[in-house]
Amino acid sequence: MSRWRVVGLGLALALSGASASAQTIYPLNRAEILAGTRFDLKVEFPGSPAQSAVKVTINGEDAATVTGKAVSFVEREDGADHSAYWIRDVAIAKPGKYTIEATAGDKSARVAWEVFDTNGGKKAKNVILFIGDGMSVAHRTAARILSKGLVEGRYGGELAIDDMPHMALVSTSGSDSVVTDSANSASAYTTGHKTCVNAMGVYCSRSKSNLDHPKVETISELVKRSRGMSVGVVTNTEIEDATPGAMVAHNRLRADYNNIVKDFFAVQPDVMLGGGTPNFLPKSTSGSKRVDEDDYLQKFRDAGYTYVQTNTELKAAKGTKKLLGLFNAANIDGALDRFFLKKGSVSKFPDQPDLTDQVRAALDVLSQNEKGFVLMVESGRIDKYSHSLDWERAVYDTIMLDNAVKVAKEFAATRDDTLIIVVADHAHGVAIVGTYDDDRGGPMRNRLGTYAQSPFPNYPAPNADGYPDKIDVSRRLAFVFSAYPDNCSAGRPFLEGENVPAVEGETKGNYIANEKNCALPGAVRQVGNLPFNVNTGVHAADDVVLTAMGPGAEQFHGRIDNTRVFRAIVTALGITLAPSN
Ligand SMILES: [Zn+2]
């Protein structure tokens, strides 16, 4: 694993392949820390220096004295070749530049942190953060074509996600790699710190336990303790998945669903809506995925939550103050399946809510709090369907996101205190390169027209919700993926259920094209360009688009790092924390 090593404040970008020889300080160099927020300071010293031989200072003064907290020093932590210096749960009240220096013998390392404040200027009472997971520019363009129409190069209208006065490009790379995943990218939005792939609410240190890495406070913890604000987490994925999980969790491993549920219970967001029931059920209950007998449905009920499992129950819960809704054992089905094709798990879960229903219910609960709220809403299967090279499903869920944003805009229009942000957490390698036109005849490759041979598609006019009711038309978008396993593409939508592009071949762990797709008329066999053990498309490092409106939205312009989204949110809310921590 490569790490950023700091050899001096002026050389912040020294990339070290020999990091084992230097101390590593967490938070990492160039961390931006909101004054008063809680975090763990950890320094890893190579080998096993005596505690008396190590020194950690903040702006030249002993770190324990500055933070007023005890140091715990763990020689050869977890039996590994490093010793760990921890000061847990610290806070720095005074804004400014801080230099942290760690010394053992003749070896020393330094990092710089910026502790910022929000100048107490409260502009917004509420923040609604929409995350289109994996939503790239091509998803937005395709959603606009399908739901607004495109004639003579002009659109028939604007998407709600586009029609906002402020826009920025957001860079999404994590602390360890160019291409991020949804855990660390969402964590950047919810904590203001970058971290590594699969991690949320923690820096990735060398600790063995996924629960014992240097923690940083989440927006949920922050606004609840500092302001008594309400928090909502709404998704159409499993509620324990990376993006919703990052609202509450401190975990090195996004797959640790059981502990993420535990973190949800510890933080108690006022609204939690999504899929993913099995990790709430005690081990002895059929369908449970827990390893213990903790019954989280009961715990939440005992804590005063109304628990709902269907859209009908969700609508009937109007007026409740705390709401937990789990509508599917796994992810909630996408819009194309729920509204039109009735595939996926629709027959098993016939009464799942749409994201718009979830947002309406969340706003009903959250807006009861006079102190305001932070609501995160994820359209999460834009990403998942893009992994399965199933662009139609991804784009219908982009339109669903647009409808959900419309609901938020209607809420905000009646007041002047709500910041709305729409952003993706990372991109996929996707593009629209032309149209498939069946009138051209011949093999599918010859039906693909580019440039002057790419006529406008003939999807039917959309219904009132912006969805064309037929996706399998004779002139279709050629929406392509740049990175894929071996697969077959017929240039047509997958009407029988979500695409499975590749399946395990004779060599265990190696993936080959799904021959079912290769048998489709006109299918083109694509030799994969990803490693053989990858069975789906992958994320891209391309910047993503952010749009915003409402008080505080003017902070978004130009190109920003994903950590700046957190900073803009707390600044819009004017969050200040008491110096006493
Ligand atoms: Zn993904």
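Q: Which helices and strands do the buried residues of helix 6 pack against?

A: This is a predicted model, where local features need pLDDT of at least 70, side-chain atom pairs count only at pLDDT 80 or more, and totals for chains, interfaces and linings use all residues. Residues are numbered from 1 along each chain as its sequence is written, and side-chain values use heavy atoms, with hydrogens and water left out. Helices (H or I, at least four residues) and strands (E, at least two) are DSSP runs, numbered from the N terminus. The buried residues of helix 6 pack against helix 4 (219-227), strand 16 (230-238), helix 5 (242-245), strand 17 (271-275) and helix 7 (296-302). Contact here means heavy atoms within 4.5 Å.

Q: Which residues of helix 6 are buried?

A: Buried means under 20% relative accessible area, exposed over 50%, and partly exposed in between (1.4 Å probe, protein chains only). An α-helix has 3.6 residues a turn, so residues three or four places apart point the same way. Helix 6 covers residues 257-267. Its buried residues are Tyr257, Asn258, Ile260, Val261, Asp263, Phe264 and Val267.

Q: What follows helix 6?

A: Gln268 does. Its phi is positive, near 55 degrees.

Q: How many disulfides does a search of the whole structure find?

A: A disulfide is a covalent bond between the sulfur atoms of two cysteines. The cut-off used is a pair of cysteine sulfur atoms within 2.5 Å. The search finds 2. In sequence order, the bonded cysteines pair 1-2, 3-4.

Q: Is the link of Cys196 and Cys204 left-handed or right-handed?

A: Left-handed, with -85 degrees about the S-S bond. The S to S distance is 1.8 Å. Cys196 and Cys204 are both buried.

Q: What does the pair Cys488 and Cys518 tie together?

A: Start with the bond: Cys488 joins Cys518 at 2.0 Å, S to S. The link is right-handed, with 85 degrees about the S-S bond. Cys488 lies in strand 26 (residues 487-489) and Cys518 in helix 14 (residues 515-518), so the pair ties together parts that are 30 residues apart in sequence. Both cysteines, Cys488 and Cys518, are buried.

Q: Which side chain of opposite charge is nearest to Asp383?

A: Lys and Arg count as positive, Asp and Glu as negative; His and the chain ends are not counted. A salt bridge needs a side-chain nitrogen of Lys or Arg within 4 Å of a carboxyl oxygen of Asp or Glu. For Asp383, the nearest is Lys384, 4.9 Å away. Asp383 is buried yet has no salt bridge. Asp383 sits in helix 11 (residues 381-387).

Q: Which residues is Asp383 in contact with, leaving aside its neighbours within four places in sequence?

A: They are Asp133, Gly134, His426, His428 and His539.
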